[in-house]
Amino acid sequence: MAHIQLKGISKTFGNHAALKDLDLEIADGEFFVLLGQTGAGKTTTLRLVAGLEKPTAGQIFIDGQDVGDWGAAERDVALVLQQYSLYLRYTVRENLEFPLKAPIRKTSPDEIKAQVDRVAKTLRIEHLLDRKVDRLSGGEMQRVSIGRAIVRRPRVFLMDEPLSALDAKLREALRTRTEEPAGQSGGNLPVRDPRSGRGHGNGRQDRRAQ
Ligand SMILES: Nc1ncnc2c1ncn2[C@@H]1O[C@H](COP(=O)(O)OP(=O)(O)OP(=O)(O)O)[C@@H](O)[C@H]1O
Ligand SMILES: [Mg+2]
């Protein structure tokens, strides 16, 4: 569960203002889509929530806690980027296992296998599990990237246009999946908590901001 609030967020790079006084509140479990033209600051907003960037001004709250001093790992936010961030010389399975193998997680080998198989099934990449990532198509890589973000059940799940390279049928399947109570899969959302799947309109976002 994660409620997210951005209060008066500004971000400047040099003398360029990427974001100016942004206020945003996203409810726990809400499927929220942020739209805007290129350069509007969408990716910057996601990076700020994930803790990869510090705001120039303003505060970010996750479940009411000011996370300004928290690092990315402490925030437990998964971010799927526009660009793939996969280990190209490893197999799909190894890429999916990686987030579960972090020493602090202490996930058992059986549990790791179950989680990876579950995500692979949802994303329809079961047949690719033993293939090296550099032998995949763009859309397949995108699915593996999403898989890597959702396999560890993060507190907040952010996606930066990750569905653009997927075909329409799979995109719809993924959106529908997010409606399932235990669904861990993606939608075209920048912000969503995948652990609570209640009350979403079928395949649509709850709200969107432009
Ligand atoms: N590290 C950086 N250094 C300097 N300028 C940056 C940096 N990151 C982003 N910007 C600038 O901030 C603005 C917002 O960038 P951002 O990547 O958030 O846009 P976006 O809405 O995600 O655009 P797109 O739809 O093209 O992905 C842009 O003008 C961009 O050039
Ligand atoms: Mg962007």
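Helices (H or I, at least four residues) and strands (E, at least two) are DSSP runs, numbered from the N terminus. The model is predicted: local features need pLDDT of at least 70, side-chain atom pairs count only at pLDDT 80 or more, and totals for chains, interfaces and linings use all residues. Residues are numbered from 1 along each chain as its sequence is written, while chains are lettered from A and ligands numbered from 1 in the order in which they are written.

The chain contains six helices and eight strands. Read from the N terminus, its elements follow the order β-β-β-α-β-β-α-β-α-α-α-β-α-β. Of the 210 residues in the chain, 38% are buried; a residue is buried if 20 or more other C-beta atoms lie within 10 Å of its own, exposed if 12 or fewer, and partly exposed in between, with C-beta atoms placed from the backbone. Two residues are in contact if their C-beta atoms, placed from the backbone, lie within 7 Å. Among such contacts between residues at least 6 apart in sequence, 67% join residues at least 24 apart.

Strands of a sheet pair through backbone hydrogen bonds, either parallel or antiparallel. Here two strands count as paired if DSSP finds at least two bridges between them. Four strands make an open, antiparallel sheet in the order β2-β1-β4-β5. β2 (16-26) and β5 (65-66) are at its edges with a single partner strand each, so one side of each has no neighbour in the sheet. Strand β1 (residues 4-13) is joined to β4 by five bridges in the antiparallel sense, and Ile4 stands opposite Ile62 in β4. Strand β4 (residues 57-62) also pairs with β5, antiparallel, over two bridges; there Phe61 faces Asp66 of β5. Two residues lie between the strands in the hairpin of β4 and β5, where Asp63 takes a positive phi near 50 degrees.

A parallel pairing is found elsewhere: strand β6 (residues 77-80) and β7 are linked by four bridges. Ala78 has Phe157 in β7 as its bridge partner. Strand β7 (residues 156-159) is covered on both faces, with Val156 and Leu158 buried on one side and Phe157 and Met159 buried on the other.

Ligand 1 has a shell made up of Phe13, His16, Ala18, Gly36, Thr38, Gly39, Ala40, Gly41, Lys42, Thr43 and Thr44; a residue is near a molecule if its C-beta atom, placed from the backbone, lies within 6 Å of it. β2 and α1 (42-50) each supply at least two residues of this shell, and α1 gives the most, with three residues. The shell divides into three nonpolar, seven polar and one charged, where Ala, Val, Leu, Ile, Met, Phe, Trp, Tyr, Cys and Pro count as nonpolar, Asp, Glu, Lys and Arg as charged, and the others, Gly among them, as polar.

Helix α4 (residues 109-122) has 14 residues and spans 20 Å from its first C-alpha to its last, close to the 20 Å expected at 1.5 Å a residue, the expected span being 1.5 Å times one less than the number of residues. Its buried residues include Gln115, Val116, Val119, Ala120 and Thr122. Seen down the axis of α4, the buried residues fall within an arc of 160 degrees, so they line one face of the helix; the arc is that of the directions from the helix axis to the C-beta atoms. The face turned away from the buried side of α4 carries the exposed residues Asp110, Ala114 and Lys121. Just after α4, Arg124 has a positive phi of about 55 degrees.
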